[in-house]
Amino acid sequence: MSDAIISFQGVSKHFGSVKAVENASFDIQRGEFFSLLGPSGCGKTTLLRMVAGFEIPSAGEIMIDGQPMSATPPNHRPVNMVFQNYAIFPHLDVRNNIAFGMRKAGLTRTELDKRIDEALELIKLPGYGKRGADELSGGQRQRVALARALIKQPKVLLLDEPLGALDKKLREQMQIELRQLQQQIGITFLFVTHDQEEALTLSDQIAVMSEGEVMEIASPGQLYESPGSRFVADFIGSMNFFEGEISASTDSAVTVQTPVLGEVKVTGSDAGVSTGQQVWVAIRPEKMQPVFSDPGESVNTAGGTMGVSAYLGDRSHFYVHLPQREDPVLVALQNLERSMTHLHKPSQPVWLQWASDAVVVLPRD
Amino acid sequence: MNTNRPWWRPDGFAVYAVIYLTFIYLPVLFLPLFSFNKSKYIAFPLKGFTFKWYEKMINSPDMLEALMNSIKVGLTVAILSTMLGLLAAKAVTRYRLPGRGPVMGFIMVPLVIPEIILAISLLILITQVGIPLSLWTVGFSHMLLCTPFAMLVLISRMEGFDRSLEEAALDLGENAWMTFWRVTFPIVLPGIVASLLLTFTISFDEFVLSFFLTSTDPTLPIYIWSSLRFPTKLPPVLALGASIFVISFFVVAFAEWFRRRGVKTDGTSGL
């Protein structure tokens with residue numbers, strides 16, 4: 001086993017008949033920014049709360065730095081948490097909030113003051129020590145919650161959707177700050193979010209969860225470019241799916257026959273598929289290139305008509321109708337020029353083309 | 001409100017408010033008024049200014065003893081019922097209790113049972129068991145009445161604050177006991193003060209239960225009631241009443257100041 005700071009070993013949590021977490025077994029490496037990503041109710045928060053000690057696993061064991069944690073109460077675990085609503089103590093000022101967990105640290109008053117000043121420096125709020133909790137903005141409360149947890153020098157910092165309550169601009173700024181902070185202090189972060197863009201931005205590794213089960217653990221790039229299941233491919237970003245059957249496969253390339261796209265050549269896909277297998281062909285919207293005159297090819301090309309379009313500022317979304325397919329195909333295009341209006345004429349014939357290594361092949365039951 | 005309205009044609013609501021306040025406070029103001037009146041009969045016209053009823057009040061040991069009885073019972077009841085209320089509020093708001101609904105219902109029932117029924121049933125029970133009537137039995141019956149009030153006040157306070165504050169304290173290394181003292185107690189404190197004041201007041205002027213369950217030591221309301229039969233005993237009671245009125249005014253003002261301070265520090269809407 002490598003340098004795992006947290007190890008989940010067959011961890012399950014049932015609330016009555018509800019299976020919140022089912023048989024989770026994976027490791028989190030020391031110093032990683034690890035995210036638990038999934039829709040609400042997928043068990044990600046329950047898993048985090050089990051690490052913190054607020055929930056006890058129904059089965060299995062959680063090891064933190066090699067120590068089993070089942071019998072250890074939350075106040076004796078080497079982890080600290082940033083709560084979803086920050087849980088800043090309303091009756092204490094910022095300094096006393098940050099100092100809350102240091103009562104038993106055995107520091108003198110001056111040492112503690114120095115540590116608090118350093119913490120305030122770290123979260124870029126020097127001079128805010130005497131403020132009350134109700135005099136802080138959402139972003140500032142979040143920073144105080146971070147400082148209060150980090151001053152304890154935990155082995156793992158747990159973050160429960162800490163950016164969910166912030167507006168978009170502030171959230172993006174805090175994402176960058178969180179990432180920098182994590183790289184600066186080198187503590188392992190275990191981060192819970194339902195926002196896939198946030199998880200992609202921040203994480204070294206992401207565990208995608210659904211209905212209590214861990215579906216896949218991979219880096220952001222891997223999850224996006226070669227997801228291992230239809231659920232993950234669908235949950236992360238947008239994806240067009242087409243039914244197909246493998247007609248030929250070699251080590252380096254496979255050929256898929258699809259009713260809608262015709263023949264699709266795929267390279268660089270490591271899904272272990274064999275000839276005759278039923279599969280999904282999955283292509284990201286931005287990886288399909290629209291052309292407006294017949295390219296005269298049939299492989300990795302599909303002809304259709306332009307449907308509705310949506311202008312999103314940096315890019316545009318087009319819905320292209322293909323014959324023999326009810327749902328339109330989503331195509332995303334960067335708005336490289338200021339006027340892209342000549343592209344989106346409804347009912348105009350359009351051909352979609354894509355590279356063979358842009359296609360993901362997923363097994364279909 | 002329309003500020004351009006001339007004073008001789010006031011707003012309907014203003015008229016209503018004045019009538020309302022007069023209705024509430026005019027009778028109460030008769031108390032200090034007659035306590036300074038020379039005549040021992042409580043009737044107009046006033047006969048002149050005097051302090052003698054206040055002197056008599058200080059020199060009437062029976063009445064002061066009744067006052068002390070009420071204060072003793074009131075303080076004990078206030079502290080015990082607030083403690084019980086706090087424990088119950090914590091249990092109800094923090095743990096998944098089996099049968100929480102019915103239990104809560106039964107605790108709250110004394111609020112709606114007519115006191116006279118409660119008093120009679122308690123009297124029957126206590127005499128059947130053979131416990132002698134005393135201030136203890138009075139206090140016990142007051143507890144029964146006050147605990148639901150304490151619970152109502154404290155449950156709303158406990159529900160008003162975020163559970164994750166307690167989890168944060170645990171997470172930062174404090175055990176359950178220190179979490180209570182460092183987080184829960186300071187945040188719930190305004191509710192505790194409110195509960196103490198409320199339960200003390202309820203016990204202090206409770207008549208029916210005290211009347212049925214007391215023996216030879218009267219509480220103040222019972223003493224006052226028995227004084228009504230002797231006109232000479234009444235003016236000192238007015239003096240005492242006026243004194244209590246002034247003291248309660250300051251206590252309530254202090255409590256309100258304290259509550260507002262609590263509201264300000266936790267940012268929520270208080271009670």
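Strand β16 of chain A runs antiparallel to strand β17 (residues 315-321) of chain A, and five bridges join the two. Two strands count as paired if DSSP finds at least two bridges between them. Helices (H or I, at least four residues) and strands (E, at least two) are DSSP runs, numbered from the N terminus. This is a predicted model, in which local features need pLDDT of at least 70 and side-chain atom pairs count only at pLDDT 80 or more, while totals for chains, interfaces and linings use all residues. Residues are numbered from 1 along each chain as its sequence is written, and chains are lettered from A and ligands numbered from 1 in the order in which they are written.

Ala310(A) has His317(A) as its bridge partner in β17(A). The hairpin of β16(A) and β17(A) has three residues between the strands. Gly313(A) takes a positive phi there, near 90°. Strand β16 (residues 301-311) of chain A also runs antiparallel to strand β19 (residues 349-353) of chain A, again through five bridges.

Now turn to another set of strands. An open sheet of five strands in chain A has the order β13-β12-β11-β14-β20, with antiparallel pairing. Its edge strands are β13 (262-267) and β20 (359-363) of chain A, and each pairs on one side only. Neighbouring strands of this sheet are turned by 40° against each other on average, direction ignored. For such angles, axes are lines fitted to C-alpha atoms, for helices over the stretch in contact, and angles run from 0 to 180 degrees between N-to-C directions. Strands of a sheet pair through backbone hydrogen bonds, either parallel or antiparallel. Within this sheet, β11 (residues 240-249) and β14 (residues 278-283) of chain A pair in the antiparallel sense over six bridges. Glu243(A) stands opposite Trp280(A) in β14(A).

Step back to the whole of chain A. Its secondary structure comes to eight helices and 20 strands. The C-alpha atoms fill a box of roughly 80 × 50 × 35 Å along the principal axes. Buried residues make up 38% of its 365 residues. A residue is buried if 20 or more other C-beta atoms lie within 10 Å of its own, exposed if 12 or fewer, and partly exposed in between, with C-beta atoms placed from the backbone.

Chain A is assigned domain 1 (4-233) and domain 2 (238-363). The bounds come from an automatic or database domain assignment. The domain centres, taken over C-alpha atoms, are separated by 39 Å. Five residues of domain 1 of chain A are in contact with eight residues of domain 2 of chain A. Contact requires C-beta atoms, placed from the backbone, within 7 Å.

Chain B is built from 11 helices and zero strands. Its C-alpha trace spans about 70 × 70 × 30 Å along the principal axes. Of its 271 residues, 31% are buried.

Where do the two chains meet? The contact takes 20 residues from chain A and 17 residues from chain B. On the side of chain A that touches chain B, 10 residues are nonpolar, six polar and four charged. In this count Ala, Val, Leu, Ile, Met, Phe, Trp, Tyr, Cys and Pro are nonpolar, Asp, Glu, Lys and Arg are charged, and the others, Gly among them, are polar.Helix α7 (residues 163-171) of chain B is largely enclosed by the rest of the structure, because seven of its nine residues are buried. Among them are Leu165(B), Glu166(B), Ala168(B) and Leu170(B). The cover over the buried residues of α7(B) includes α1 (44-52) and β6 (79-82) of chain A, together with α8 (176-204) of chain B. Gly173(B) follows α7(B), with a positive phi near 105°.

Finish with the nonpolar cores. Each is a set of buried Ala, Val, Leu, Ile, Met, Phe, Trp, Tyr and Cys residues joined through C-beta atoms within 7 Å. The largest has 131 residues, and Leu158(A), Leu190(A) and Val281(A) have the most contacts inside it. Helix α6 (residues 135-160) of chain B gives the largest share of this core, 11 residues. Domain 1 (4-233) and domain 2 (238-363) of chain A both give residues to this core, so it lies between them.

Definitions and conventions. Two residues are in contact if their C-beta atoms, placed from the backbone, lie within 7 Å.
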